[in-house]
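Please review the following briefing on sheet pairing, domain contact and helix packing alongside the displayed structure.

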Amino acid sequence: MKKTIITVVGKDTVGIIAKVCTYLANNRINILDISQTIVQGYFNMMMIVDMNDSSKPFGDIADELDQIGDEIGVVIRCQREDIFNSMHRV
Amino acid sequence: MINIFEVKETNEMIEKENLDVRTITLGISLLDCITDDLEKLKSNIFNRITGKAKDLVSVGREIEREYGIPIVNKRISVTPIALVGASACKSPEDYASIAQTLDEAAKEVGVNFIGGYSALVSKGMTKGEENLIKSIPMALSQTSLVCSSVNLGSTRTGINMDAVRLMGQIIKETAEATKDADSLGCAKLVVFCNAPDDNPFMAGAFHGVTEADAIINVGVSGPGVVNTVLKKVRGESFEVLCETIKKTAFKVTRVGQLVAGEASRRLGVPFGIVDLSLAPTPAVGDSVADILCEIGLEHAGAPGTTAALALLNDQVKKGGVMASSYVGGLSGAFIPVSEDQGMIDAVEVGSLTLEKLEAMTCVCSVGLDMIAIPGDTKASTISGIIADEMAIGMVNQKTTAVRVIPVIGKGVGEKVEFGGLLGHAPIMPVNQYSCDAFINRKGRIPAPIHSFKN
C-alpha cells in the first residue's frame, strides 16, 4: 500500500480538521493516523492516508486540497510518504 | 512510522532552506544517428532526442507534484558532437548547423539546457574535433539552450597545450560573438581536465561513449539546508561540525536517489548516478560561501577558506556516498562566483580574488566557475589561466574546469547581469603579466609520473 502524507500548517481556526476530513471522506481516502501540535502559535497537523480506493488521480487531489487550504487560510500539502522515509530511515 | 517532526523537518528544508533536486539529466547516445549525409544526420539527431526525451519534462513535473520537491532543471546530455558529426561535417559551419538542430530539439521537448556540443581532446585533436571547437563561437551565438564543453587534459594523458591555446582564442571569440548579451555565450562554455562521462550539470554535461543508450543522472543540492543546521552547532568541535554536515548531506542525497529512481522507472530509462553536490543559486541563503562563513570565516577568501572548503567537500561526499547506490559526476561543493550571493559579496569587499579561487579549486568539486573578467583580457592570458587549472586537475587526479567570461566592453569594478540561475557578477581583476611565450609553445604537457599505475 502506497501511503500519502497530508500536512496542514497555518493559523489555528475552527473547523480545519473537519473540512479536510470531509473532503477525504467524500473522495474515499482512508485516514490511518493523525497527529497535531501547535508550534509557535501555528497549527501543525499531519495525516497519514491511504488513497488506493480513491478514483481521482493524485495530482487532482493535491490541487483540490490546495484550494481548500486557500479557502480556510492554511497551507495543505499532499506528498507521497517515500520522500520522508527516504530521508529519515536508513 | 514517520512522525510529525520528521515531516516538518523535510518540509522546512524545502520551503525555507531551498532544498531542491537541481537537475534530472537524461543522457542520450547519438552514436546510432551517425551518417555521412549532414541533413540526414540532423534529422536523425532531432528524431532521436525528441523521441527519447518526449516525457522527460512531464515526468519531472509529476514527481515534483507527488513528492513536493522542486526539480529545478530538466536537461539533456548527448554524445560529444565532435564524434557524431565527424563524418558528415566538413567545416565549422556544418558543425554549427548541428548545434541549431540540438537547440530546436531541446525547445521541442521543453528542457532547460542541452549539453554535449563537446570535444574530448586531452591528447590530440582530429580534424573534426578542431572544426567543432572552431565552430563554438558561432554555435553559441546562434542558439540559446546549447551548452558546450571541451576536455583538454587528463591525469592519464597530460595536457593538450595546442588545444589550451586554441580555447583561449575561442573563449574570446565567443565573448565577442555574444557581446550584446554581456558575453553570455561564455557562460555556456566550459573546459575540463578529467571530464567525467556522467556529469548531469551544465555547462559541462555530455553523454560519454562509455555510457549506455540512455541514462538518468541526477544532481541534488542543498547549501541552504547545510547552512541552517550549522547555525545550531556554532562553536562546537570539528568532530561535531563534520558529523553534522555528513548527516545533512545524507538526507539531501537520499531525496536525489529517490527522485532518480522514480524518474528512471517512469521513463523506462536506467538510472546512472547521483551527483553529490552542493550547488548554490543566487537566491539568498542558497550559498556555499555562506556555509564557509558559518564554519567560521568573516568572508569567503579569508585565510582558512581552503581548509574549510576541503572539510565541507569531504563531508558532503562521505554523507552522500551511503545515501546513493551509484555516485558519480562532479560530486562536491561547487564554487561558482556569479551563482552564489556570498561569493559575489566576498569579491565585492575584496576578500576573494582569482588566485584564492584557484587555490580553492584544489579541494572543491570542479574549478574556476562563472567568473567575469575584463573584456580586454588577452587570449593567451585566458589560456594561461586554463593551463594552471588543468595542471591542478592532472596532478591531483580530480576534475577541474574553467568557465570564465571575458565581458566585452567592461572592466574591473563594473558588473554584469546574466539573469536566472546564472546570476550576476562583479568583474574581477586578472594578473597583467604575460605568459605568451609559455602558451605559444607547441605540443602537450606529458602525463605526471603517478599516472603510470599499471
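Strand 1 (residues 3-11) and strand 4 of chain A pair in the antiparallel sense over 7 bridges; pairing requires that DSSP finds at least two bridges between two strands. This is a predicted model, in which local features need pLDDT of at least 70 and side-chain atom pairs count only at pLDDT 80 or more, while totals for chains, interfaces and linings use all residues. Residues are numbered from 1 along each chain as its sequence is written, and chains are lettered from A and ligands numbered from 1 in the order in which they are written. Helices (H or I, at least four residues) and strands (E, at least two) are DSSP runs, numbered from the N terminus.

**Sheet of chain A**

- A:Ile6 stands opposite A:Cys78, which belongs to strand 4 of chain A.
- The open sheet holds 4 strands in the order 2-3-1-4 (chain A), with antiparallel pairing.
- Strand 2 (30-39) and strand 4 (74-80) of chain A each have a single partner strand, so one side of each lacks a neighbour in the sheet.
- From one strand to the next, the twist averages 15° (angles run from 0 to 180 degrees between N-to-C directions, and axes are lines fitted to C-alpha atoms, for helices over the stretch in contact).
- Helix 1 (residues 16-26) of chain A packs on the sheet and touches strand 1, strand 2, strand 3 (42-50) and strand 4 of chain A; contact means C-beta atoms, placed from the backbone, within 7 Å.
- Helix 2 (residues 58-72) of chain A also packs on the sheet, touching strand 1 and strand 4 of chain A, and its direction makes about 165° with that of strand 4 of chain A.

**Domains of chain B**

- The domain assignment, automatic or from a database, gives domain 1 (22-193) and domain 2 (218-444) of chain B.
- The C-alpha centres of these two domains of chain B lie 22 Å apart.
- In the contact, 41 residues of domain 1 of chain B meet 47 residues of domain 2 of chain B.
- Helix 7 of chain B supplies the largest share of the domain 1 side, 11 residues.

**Helix 8 and helix 10 of chain B**

- The axes of helix 8 (residues 223-231) and helix 10 (residues 288-295) of chain B come within 9 Å and cross at roughly 15°.
- Helix 8 and helix 10 of chain B are therefore roughly parallel to each other (angles under 35 degrees count as such).
- Among the residues making this contact are B:Val226 and B:Leu230 of helix 8 of chain B, and B:Ile291 and B:Ile295 of helix 10 of chain B.

How values were computed
Two residues are in contact if their C-beta atoms, placed from the backbone, lie within 7 Å. Angles under 35 degrees count as roughly parallel, over 145 as roughly antiparallel, 65 to 115 as roughly perpendicular and the rest as oblique.
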